[in-house]
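Hello,

Here is the structure we talked about. Please look it over, then read the notes below.

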Amino acid sequence: MAKDKKYRKKKLGSYPFASVVFSVTLALFVMGLFGLLILTTNNLTRLIQENVEIQVFLHKGLSQNEVVKITKILSSKDYVLKSGGQAQIQHITKEEAAETFMEETGEDFVNFLGDNPLRDVIKIKVSPEYQASQNLAEIKKEIGFISGVFEVTYIENLVQSINKNVRKISYVLVGFTVILLIVVVVLINNTIKLALFSQRFLIRSMQLVGATSSFIRKPFLSRASWFGLLSGMLACALIWGVLQLAEREIEGLIDLVRMDELLVLTAAMLLVGLLVGFISTFAAIKKYMKMSLDELY
Amino acid sequence: MELNSRPVVEVSETDIYQESHTVLSDISFKIEKGEFVYLIGRTGSGKSSLLKTLYADLAFHKGAIEVAGYDLTKIKSKNIPYLRRKIGIIFQDFQLFPDRTVTENLTFVMRATGWKDRTKMKGRLAEVLMRVGLGAAAEKMPHQLSGGEQQRVVIARALINEPLILFADEPTGNLDPEVSSGIFGLFKEINRSGTSVLMATHNHKFIEDHPARVLKCDEGKLLDSAEHEFELSGHY
């Protein structure tokens, strides 16, 4: 009996539970999916950008000391990508280059020509912030002045097209996310407003017996916040599920999603669920509390 | 202390509005402690609007109104709940929680209006239920009660905080004559114990059987039987 009573009391401030949670979960899920897309795109971009290289060809016949000196000069430059404090620079001797070439082509051209026409090369990975075309051109010029450097090359078009597309994709994704966020908020807000419509006369009755506004709001708000949070949790579970499924289909996908970012996304979804539930309910109740009886009908 | 000697309701030179238009203009009256007053008038003459204005549900722009010690000219919205605890409001559409028993309905109102002590709550609950003659229905759900019994629960609910005055808008509107007279008897009884009553009604039989002061809304004016003689009968 006591349990029964408790259950009934809980019903104050209640509304169609399943439909609200379902709608909010769906809205949050779509939002989360978009968030995931942005994260993956960002990380993919970073991965590509980290592999933008400049190749520095050296003059033939340089001594070991001269090569080390050039490598040292290059390592100290800001535009060289640092990973774990290590400058991402690789020196490939002309012998190594010839070996790789022979492995790839299967032709022993050194023997055929009687000489190795290749040069020593230093490969530099460029920091993303120096990857604008203008920067790369300046870097190319600067390295060209170092004595012992024969030629500096990079794949100009690739860098340009990456930069252009990344910017485009970012704009589109951010735009979509903003629109989606608005849609989600409006959708959740409407669902809750509709659900509370059935409770408007009870709100009215409570006002007339002299209940304070905060007393009237409390059960509605706590319930709506809980529903929002629950929807957030369900949506997060769905996102994790989708991720697991996608990983099985697309190998390496999970490497593109960093755990800390995924946790931030999860927290954001829970927070949006909670806040939208709370704020929409607050606004809807406030509206009903201000209405006269005639308006309520 | 001062409250005891002052009228429970005091309206002076006030206009009553229904949405944007005036339904009663320049009205003044007082209701003393323990008085029983009928409020009559055709449908749309401003009875309900007057009652709503008195319990701070409708705004007014002119004159002054004081109810149960609260000056409605200056009352802040956060104080309105405390005003309503000093008055009892009863009308037909006033809902009970359909998913709670009579006891739960009443204890909810007690908690909503600041009651904390469980023993005191229990005592007061039994008291108001006995008073409206529903001692045996405490554990029933509203749908298990007749219309008259439901109205008694609503009256019990209005009595919980020992109001200075009851505002009743057609409290017997959709009840059959026999049940109506029972409910009316209850109002008279409550009034005898010192609570003022302002009752809007179309039921002339009550006025004939139990004569008391009458306020009549008539063509934008409020006529008071304590000051003028006027025709009670008419088509409402």
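**Chain A**

In chain A, 81% of the contacts between residues at least 6 apart in sequence join residues at least 24 apart. Contact here means heavy atoms within 4.5 Å. This is a predicted model, in which local features need pLDDT of at least 70, side-chain atom pairs count only at pLDDT 80 or more, and totals for chains, interfaces and linings use all residues. Residues are numbered from 1 along each chain as its sequence is written, chains are lettered from A and ligands numbered from 1 in the order in which they are written, and side-chain values use heavy atoms, with hydrogens and water left out.

Chain A has 11 helices and six strands. Helices (H or I, at least four residues) and strands (E, at least two) are DSSP runs, numbered from the N terminus. Of the 297 residues in chain A, 40% are buried. Buried means under 20% relative accessible area, exposed over 50%, and partly exposed in between (1.4 Å probe, protein chains only).

Strand β5 (residues 121-125) of chain A has antiparallel pairing with strand β1 (residues 53-58) of chain A, over five bridges. β5(A) also pairs with strand β4 (residues 89-92) of chain A, again antiparallel, over four bridges. Two strands pair if DSSP finds at least two bridges between them. Look at A:K123 in β5(A). A:Q55 stands opposite A:K123. A:Q90 stands opposite A:K123 as well.

Now A:N116. This residue sits in the loop between α5 (109-113) and β5 of chain A. A:N116 has a relative accessible area of 9%, so it counts as buried. Its side chain reaches the backbone oxygen of A:K94 at 3.1 Å. A polar atom of that side chain also lies 2.9 Å from the backbone nitrogen of A:L118. Both are polar contacts: pairs of N or O atoms within 3.5 Å, where within protein one must be able to donate a hydrogen and the other to accept it, and residues adjacent in sequence count only if both atoms are side-chain atoms. Leaving aside neighbours within four places in sequence, A:N116 is in contact with A:K60, A:K94, A:E95, A:A98, A:F109 and A:V110.

**Chain B: two sheets**

One open sheet of chain B has four strands in the order β2-β1-β4-β5, with antiparallel pairing. β2 (21-31) and β5 (70-71) of chain B are the edge strands; each has a single partner strand, so one side of each is left without a neighbour in the sheet. Within this sheet, strand β1 (residues 9-18) of chain B pairs with strand β4 (residues 64-67) of chain B over four antiparallel bridges. B:V9 stands opposite B:V67 in β4(B). Helix α2 (residues 47-54) of chain B packs on the sheet and touches β1, β2 and β4 of chain B. The direction of α2(B) makes about 125° with that of β1(B). Axes are lines fitted to C-alpha atoms, for helices over the stretch in contact, and angles run from 0 to 180 degrees between N-to-C directions.

Another open sheet has six strands in the order β6-β7-β8-β3-β9-β10 (chain B), with mixed pairing. Its twist averages 15° from one strand to the next. Strand β3 (residues 36-41) of chain B and strand β9 (residues 213-218) of chain B run parallel, joined by five bridges. B:Y38 stands opposite B:V214 in β9(B).

Helix α6 (residues 147-159) of chain B has 13 residues, which at 1.5 Å a residue should span 18 Å; its end C-alpha atoms are 19 Å apart, which agrees. The expected span is 1.5 Å times one less than the number of residues. Buried residues of α6(B) include B:V153, B:V154, B:I155 and B:A156. Among the elements that cover the buried residues are β6 (87-91), α4 (102-112) and α7 (177-192) of chain B.

Two loop residues have a positive phi. Most residues other than glycine have a negative phi. B:A56, in the loop between α2 and β4 of chain B, has a phi of about 60°. At 17% relative accessibility, B:A56 is buried. B:E162, in the loop between α6 and β7 of chain B, has a phi near 45°. At 59% relative accessibility, B:E162 is exposed.

**Cysteines**

A:C236 is buried at 5% relative accessibility, and B:C217 is buried at 3%.

Best wishes
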